[in-house]
Amino acid sequence: MLSECIDSVEVRALAAANEHRQLHVDSTGLAKRFKRLAELGAARTVSGESSSGFVIDLRFENGEEGYPCVDIALAGQVDLECQRCLKPFEFSIDLETRLTILSSDEQSSQIAKPFDAVVMMDEGLDMLTVVEDEILSALPIAPIHESVENCTVLSDGLLKLKNQAGKLNRPFANLSTLMDEGGKDRIE
Ligand SMILES: [Zn+2]
């Protein structure tokens with residue numbers, strides 16, 4: 001049902017029935033149906049495997065303003081490419097949103113939160129595109145590893161710094177040896 005566009009009659013029927021749908025999307029499904037996410041590298045990693053996957057809960061109901069609404073709850077993860085080291089990493093997604101489904105732009109002036117609304121196209125409403133829009137807007141503009149240890153560029157940089165620090169410390173180590181030797185000299 002949700003793999004293609006639903007028209008306004010179907011939306012009203014779903015809302016009237018308080019329909020609840022749950023979809024499980026794995027990386028294969030993501031590559032097939034969430035093209036824009038797939039283009040971000042969400043369906044593949046360097047090794048060719050992807051851990052992308054999420055569960056989408058859709059609950060339809062009639063909203064207080066007289067229009068059908070859908071509550072979208074989505075949890076899971078997508079693989080993104082770190083903009084610093086260009087390696088894939090898992091980004092957790094956990095979002096909840098409520099959208100009012102309108103059949104024309106004019107209706108948006110009649111609701112309190114026009115930004116939380118989707119307008120049905122002539123061909124109907126493509127729920128998965130709506131969901132993909134929500135996921136995309138939840139992603140960071142420049143995805144990067146949160147943890148320094150996991151980011152190759154940063155951990156390499158840290159390693160270099162540590163090595164440099166090691167070199168800088170060496171004269172002090174030598175100094176203590178020298179002092180020991182010096183001490184011996186003085187006693188003898
Ligand atoms: Zn990184």
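Okay, let's start with confidence: in this chain it's lowest in helix 5, residues 152-187, with a mean of 65, and highest in strand 2, residues 53-62, at 96. The score here is pLDDT, the predictor's confidence in each residue, from 0 to 100. Across the chain the average pLDDT is 85, and 84% of the residues score at least 70. Where pLDDT is low, the predicted coordinates should not be read in detail.

Some housekeeping. This is a predicted model: local features need pLDDT of at least 70, side-chain atom pairs count only at pLDDT 80 or more, and totals for chains, interfaces and linings use all residues. Residues are numbered from 1 along each chain as its sequence is written. When I say helix (H or I, at least four residues) or strand (E, at least two), I mean DSSP runs, numbered from the N terminus.

So, the strands. Two of them pair if DSSP finds at least two bridges between them. Strand 1, residues 20-26, runs antiparallel to strand 2, with seven bridges joining them, and D26 sits opposite G53 of strand 2. Strand 2 is also antiparallel to strand 3, residues 68-81, through 10 bridges; there, E61 faces C69 of strand 3. Strands 2 and 3 make a hairpin with five residues between them, and G66 in that turn has a positive phi of about 90 degrees.

Now the inside. What has the most contacts in the largest nonpolar core? That core has 25 residues, and the answer is L30, L37, A42, I56 and I101. Helix 1 (8-16), strand 2, strand 3, strand 4 (88-102) and helix 4 (127-138) each give it two or more residues. By nonpolar core I mean buried Ala, Val, Leu, Ile, Met, Phe, Trp, Tyr and Cys residues joined through C-beta atoms within 7 Å. Buried means 20 or more other C-beta atoms within 10 Å of a residue's own, exposed means 12 or fewer, and partly exposed is in between, with C-beta atoms placed from the backbone.

Take L37: leaving out residues up to four places away in sequence, L37 touches L30, A42, V78, E132, I135 and L136. Touching means C-beta atoms, placed from the backbone, within 7 Å.

Most residues other than glycine have a negative phi. N18, in the loop between helix 1 and strand 1, has a positive phi near 50 degrees. N18 is exposed, because 10 other C-beta atoms lie within 10 Å. L86, in the loop between strand 3 and strand 4, has a positive phi of about 65 degrees. With 11 C-beta neighbours inside 10 Å, L86 also counts as exposed.

Notes:
Two residues are in contact if their C-beta atoms, placed from the backbone, lie within 7 Å.
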